[in-house]
Amino acid sequence: MSVFSEGFSGRRGRDPRLPPGQYDVGDSFPVLTAEATPNVTQETWSFRVDGEVESPTTWDWAGVHALPGSAYEGDIHCVTTWSKLGTSFSGVSLDVLLDQVGVRSSATHVLAWASSGYTTDLPLADVTGGKAWLVWEHEGRPLSTEHGGPVRMLVPHLYFWKSTKWVAGLRLLDHDEPGFWERNGYHERGEPWAEQRYAGD
Amino acid sequence: MTEPPPGLPGLPELPVLDSPRRRVPPTGAKRSWQTGTVTEVRQETPHARTFRVQLAEWQPHLPGQNYLVRLTAPDGYRAQRSYSVASPPEDPGAVELTVDRLPDGEVSGYLHEHVGVGDPLEVRGPFGGWFVWRGDRPALLVGGGSGLVPLACILRSRAARSGAGRSSAPVHLVAAARTREELFYADELSGAFAADTTVVLSREDDAGPGRPGRPAGRLRAEDLLPHAERLGALGGGGEGADVFLCGSTPFTTAAERLLQEVGVPADAIRVERFGPS
C-alpha cells in the first residue's frame, strides 16, 4: 500500500499526454548515456540492415537523405521519468529501409546497435507500420552528438532507451535477443503507458 | 570478446558494450515498493542532504546502485526519482540517499523541505546493473557534484571490506566540486579516504593543513593521468581498471574527453549522467 506524502501536491499540471510516473521536462532535453560518446560524423556514419532479410544493405549519410523524408511530431518518454511533450524530429521512416531490404517472414525481432556496442531489442512490429524512424534533425536543427547525432533511431511509443543513439545498424532476427539495458535490469519492451520500466514490471 | 547472436551464421559480429568481462550478474533482488522510515537527516553541503531510510525488507545492494523514491499527493498524483545509495551494503537494514536540491526540483525540493526524522518514505530498489562495482577489479572513479554519491559508496564499501579483513581491488577517486563547501562528503574524502582521493576544485585554490595545494581550475589531464596509469586504466586488452564516471552532462562530457586524451580506452569507461530528472 502506498502512503500519502504529507504536504506534497506536485509542482506541475497533470497534462493528459503524460504517462503514469512521468513529468514534463519543458524545453530542456536531458542527456543520458551509459558509455563514452563515440566519435561518429556525417562522413563516417553508416547504417546496415542485415540478418533475416533478402538483401542486406548499407546506407551512408547521402544514401538516407536520398530517401523520401518523414517527420515525427509528438512526445517522448525517458524511463528516468522525464517526458518531452510536443517535440519534433525528422529523418526517414524505418518502413522505407525495411521495404528495400525485403524482410523475410522468419523475422520476428530486431536488434538495433551502435558502434559503441550499445544495443536494444524490439519486436519487429514495434518498428514497422509508421512507428519508428532514423532521424537527423530535432526541432529543425541538426541532431547534436550528445543526443545521438548524426543519426539516431526514434521509437517514440516506447521508453527512449529503445531509440538508439549513434545507431549503426539493425539486425533482423528470428528470435528475441536482449539488448544492453534489457540485460542490465530494464524491461524487455518498455511501454510507458504500462510503466514497463524494470525487468518484471 | 564479442558474442555473435546465436543462430545467425555468416553475419559480422556486432560490438558489445557489456562484454562478458564487464557484465554484472543480476542480484536477484525482489524490488517491490516499500515504506521505509527516515531515521537520520544530515546536511552534506548547502544544497545536499543525506536521508537515512530504515527498511523492513532491506537487501544488500551493489555499490553504484540506486533506489527510487516516490511521492504521492492526496489526489493520487505521483512523482518518482532515482537516487544513488551512498551507504555501503556492509551497513545493513537501511540505505542512505544523498539528495541534491535542484532548482525547482519537484521531488528534491519536497524531500528537503518536508521530510525529517520519523517520516515515512516510499522507496523501491536496488536498481542498476551497469554502473556497479563488484570489488574484484581496480577502478578509477571520477565524479563531480552529486555524481560523487555512488562513488563514495564504492569507497565506503571497500573500507568496510578491508576493516572486515577482506581484500578488494585498488580504487582511486578524483572528486570534483566548485568549492570545498560544495564538495560532497568533504571531511571523509580528505580524512579517512584521503590516500585514495584527489580533490579537484574549479573555483578555489585548495590548500589546507595536511593538503597539498592545488590551484583552482577545472579537471585537468594531470589530475587523472597518474592514477589512471597506476591502476592500469591505460591501453586496451580488457585487463586494466574500469573507469566509473558520474556527474552532470557538462562534467562527464569534458571528463570523457580528458580520459581518452590521457590514453584511457573508450570501452573502459562506464558513464552515469545525472540530469535534472
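**Figure 1. B:Y185 is found in the loop between β8 (171–177) and α3 (186–189) of chain B.** Helices (H or I, at least four residues) and strands (E, at least two) are DSSP runs, numbered from the N terminus. The model is predicted: local features need pLDDT of at least 70, side-chain atom pairs count only at pLDDT 80 or more, and totals for chains, interfaces and linings use all residues. Residues are numbered from 1 along each chain as its sequence is written, while chains are lettered from A and ligands numbered from 1 in the order in which they are written. B:Y185 is not a glycine, yet its phi is positive, about 55°. With 25 other C-beta atoms within 10 Å, B:Y185 is buried (20 or more other C-beta atoms within 10 Å of its own; exposed means 12 or fewer, partly exposed in between, with C-beta atoms placed from the backbone).

**Figure 2. B:D104 has a positive phi of about 65°.** This residue is not a glycine either. Most residues other than glycine have a negative phi. B:D104 sits in the loop between β5 (94–100) and α1 (106–114) of chain B. B:D104 is exposed, as 11 other C-beta atoms lie within 10 Å.

**Figure 3. Cis peptide bonds join B:G125 to B:P126 and A:G149 to A:P150.** In chain B, omega is about 0°, and B:P126 is placed in strand β6 (residues 120–127). In chain A, omega is about 15°, and A:P150 belongs to the loop between β9 (141–142) and β10 (152–154).

**Figure 4. Chain B touches chain A through 43 residues, which meet 46 residues of chain A.** Two residues are in contact if their C-beta atoms, placed from the backbone, lie within 7 Å. On the chain B side, β3 (66–72), β4 (78–84), α1, β6, α5 (249–261) and β13 (269–273) each supply at least two residues. The most come from β4(B), with 5 residues. This side divides into 21 nonpolar, 13 polar and 9 charged residues (nonpolar: Ala, Val, Leu, Ile, Met, Phe, Trp, Tyr, Cys and Pro; charged: Asp, Glu, Lys and Arg; polar: the others, Gly among them).

**Figure 5. Chain B is assigned domain 1 (34–127) and domain 2 (139–273).** The bounds come from an automatic or database domain assignment. The C-alpha centres of the two domains of chain B lie 24 Å apart. Their contact takes 15 residues from domain 1 and 16 residues from domain 2. On the domain 1 side, β1 (34–45) and β5 of chain B give two or more residues. That side of domain 1 has 7 nonpolar, 5 polar and 3 charged residues.
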